[in-house]
Every structure is written in C-alpha cells, then in structure tokens.
Amino acid sequence: VAAATALSSTVLVFRALHELGQVSSSHGKRALGILLFQDVALIPLLMLLPLLKRGGDSFPISRLWLLAGSATLFVTGVVVMKWLGRVWIVPRLARLRSFETVVLFAVLMIGGGGWIAVQLGLPAAVGSLAAGLILSGNRLSHQIESILLPFRETFAAVFFVTLGMLLKPLSFLEEPVLLTSAILAVLALKSGAATIALRLTGLSWPRAWGLGLGLSQMGEFSFLLMAQGLLLGIVEPHDYNRVLFVAIATLTITPLLLRYGLTRAAGSEHDLAPLEEHVDLAEQQAVVIGIGPIGKQVTSRLELLGMDVCLMDLSAINLQPFAQLGFRTCVGDARDASVLERVGIHNSVVAVVCVPNDDVALAIVRTLRTTSRSLKIIVRCRLLAKIRDLEHAGANGVISEEVEASGPLIALCERLLQARTQ
C-alpha cells in the first residue's frame, strides 16, 4: 500500500506542464524525472509482490532467479533496441519519408513491447513503457508523438471513465473519518516528501513546494500495483477498496492542486541551481512563424538544409500536417514572449516571420528582438513602406512583396509585348 501510494500520476502532471508551457523548464524537467523514475520502479515492485504472498517461506528460489533473469533480459533488450533504433532503424525510416511506415513501426514497437513483457511474466503496461523509452530521443520522436496523440487521449479518457465506474461514493459514509484522514495524510505526506526532494535538487523553497503540491496525488500505476496485490491475496478486499477511494479522491482534486502548485512554481524566483540546457549544436534550430504557402516553402528548404525547424501558427489545423511529418509545432501568438520561450527561442539561430499582416509582423519582430539579441530575424512583408519600420524594430532582413513582385511583372510584360510585336 505504501509503494502504491508513493506513485504519482504521470499523465496528469505531464499534461498540466505541457498546457502551462513548463515541460522544458528546470522544475518541469525535475518533475518528469521523478515521475519516470517512479514508473520504472514499478518493475522491481511487481517482482517483489510474489515474495509477500502468504506462505512465502515455500516460495521457490528458482522462481526468484527466473524473475531476476527475465527483468535483466528485458532491460538489456530495451537498451539494445534503443541503440539500434537511433543508429540504424530511425535514419532509414527518415530517408523513406513515409508516414504509413512510421505508423506501422510505432504500432509494432508498442504491441511487440507489451507482448514480450507478458511472455517474461511482466505486465503489458511495462512493455508499453519500454517501447516509449525505445522510441524517445530521436528525430522521429515528435512525429511518433503526434501519431499516437489521438490514441493517448482516447485511452486516457477510457482510464478515467473506468475509475469513475469503480468509485463507490456510498462507501465514504461507512468510514468518513478514516477516509478523510487518509486523503489528507496522503496529500500532506507526498507533497512534503516531494518538496524536500525537489529542494535537494536545487529548487527554491517556493518552487519546490508548488511542484511538490502538484505531485501529491496517487498515480495510474498505483491501481495496477494494488490490483496485482489483490490478485495474489496480499491485500484484503476492504483495504483495496479504501486505497481505491483515496486514490480516486486525490486524482479528482489533482487539477486544482496542479494548477495552483505549478502556477506558484512558475511564478516564484529563479532556481538556486538551474539545470543546464543541453543543445545539440550539430543541428541548428530555426523558428518559422506563420504557416501559409510561403511559410511552407521556407520550412521545407530549412529542413533540407539540416536545421531543426519549429513551426508556430495560431491555427492547430495548419500545423497538424507538419506535426505528423515530425516537425516541432506550437500553437500560439508569437507576440507573446512566454510562447516564444516555450519553443526555445534562445536556442534558435534564425526566425522567419511569414505572417500576412505587416502590423502583426512588426509586433512579432519587436518581441523576438526583446527576447533574444543574437537571433537572426528575417521577415516577409507586403508593403514597401514597412521595410524601414521592421528594420528599426530589429529585423536583419526584410523581403517586400511589392518589391519582389515588380520584377516578375515587368519581365512578364516585356515577354508579352515582344511576342505581340513578333
């Protein structure tokens, strides 16, 4: 029960961090590190459950060695597959530029990971986690994430609907004092422990407390661990129902705690020892703002030049095809400095502004230049009169449609007149 209580909800915390644009922040990375460690810790916890079964004295030592060998083989397989994927499989898939092939590869890895885990005596959920580890950290990760996004949202909805069906509100009336005390104790103990742990990583006390409050709920794997305990007869049914009620109650109030805690974490003073940002200098980053016909051509060219391109637009519909192709995308207003921070503008070497409105482009350039003094800014504008304003705002280069269109128009007129005289 204590081990199940220690696990937090990766789904809820990650979604809240993503919505607030704090996934890449120093405290966001620390939170995700804690959550991923908890998820991986589920494997040894599940292996230890048979040792707690009644009559454990007769537990064959050969079975223990078999479980240890299976787990070692499984972890080794994950490491080997991750290396093969990064060095051999992913580069070949990227050269094929086939959306369908990437879909089949992702489905094969997830389904195969679950099947192999079951064959080794581990839960299928652990196999899915291993597949995620294998698919992470390569150039197709963003594309695979966009492909799996509908499935993730669907299964997350099914999961929480199932929790609602398991909850029996009338059971609270049987033991109101005990259950209320248990809920408050879980929130207090987990938030306190997380606050101390995060403070030891270098976060300031306000940030550590705000993020610790966001990690105070019980997680999805808590139900899996308790279900296995119930199946083995380690946990009594009435204790299982109590823990189930406490877990669902903490998950129910989690959105409020997350919003409040993460807002405090983001709004407090800077960290005492912030995590260093690791930037891959071999793949320079660029930001393209405005995904119209011009933005699409610029993006395609920059990608062919080997740059890591992030696309920004106010419309998620415009960005969806690019997300499926593996590009990093961000829905938001580039006039907002916090949105630019979300896409990592400080790590970018060039920003291309392709919005059709000159006044909006001018406001974007001012925000870009205020955010980063070293960034190279290239702007597309419509009117010749706006070039000077854009350059004064900080643009390094401005292309005017009036100027560029006049040359082809004159050339076309000359060709037509020459054809008529002939």
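**Aromatic pairs and burial**

Modeller: Tyr260 has a relative accessibility of 43%, so it counts as partly exposed. This is a predicted model.

Colleague: What geometry do the rings of Trp209 and Tyr260 adopt?

Modeller: A pair of aromatic rings is described by the distance of the centres and the angle of the planes. For Trp209 and Tyr260 the centres are 6.0 Å apart and the planes stand at 90°. An angle over 60 degrees is required for this class, so the pair is edge-to-face.

Colleague: How many residues apart in sequence are the parts tied together by Phe159 and Phe223?

Modeller: The search of the whole structure finds four aromatic pairs. One of them joins Phe159 and Phe223 edge-to-face, at 6.0 Å centre to centre and 80° between the planes. Phe159 belongs to helix H7 (residues 141-166) and Phe223 to helix H11 (residues 220-231), so the parts tied together are separated in sequence by 64 residues.

Colleague: Is Phe223 buried or exposed?

Modeller: Buried residues have under 20% relative accessible area. The relative accessibility of Phe223 is 11%, so Phe223 counts as buried.

Colleague: How many of the ten residues of helix H10 are buried?

Modeller: The buried residues of H10 are Arg207, Ala208, Gly210, Leu211, Gly212, Leu213 and Gly214. Helix H10 (residues 205-214) is therefore largely enclosed by the rest of the structure, its buried residues numbering seven of the ten.

Definitions and conventions: Residues are numbered from 1 along each chain as its sequence is written. This is a predicted model: local features need pLDDT of at least 70, side-chain atom pairs count only at pLDDT 80 or more; totals for chains, interfaces and linings use all residues. Side-chain values use heavy atoms; hydrogens and water are left out. Buried means under 20% relative accessible area, exposed over 50%, partly exposed in between (1.4 Å probe, protein chains only). Helices (H or I, at least four residues) and strands (E, at least two) are DSSP runs, numbered from the N terminus. Rings of Phe, Tyr and Trp (its six-membered ring) pair if their centres lie within 6.5 Å; planes under 30 degrees apart count as stacked, over 60 as edge-to-face and the rest as tilted.
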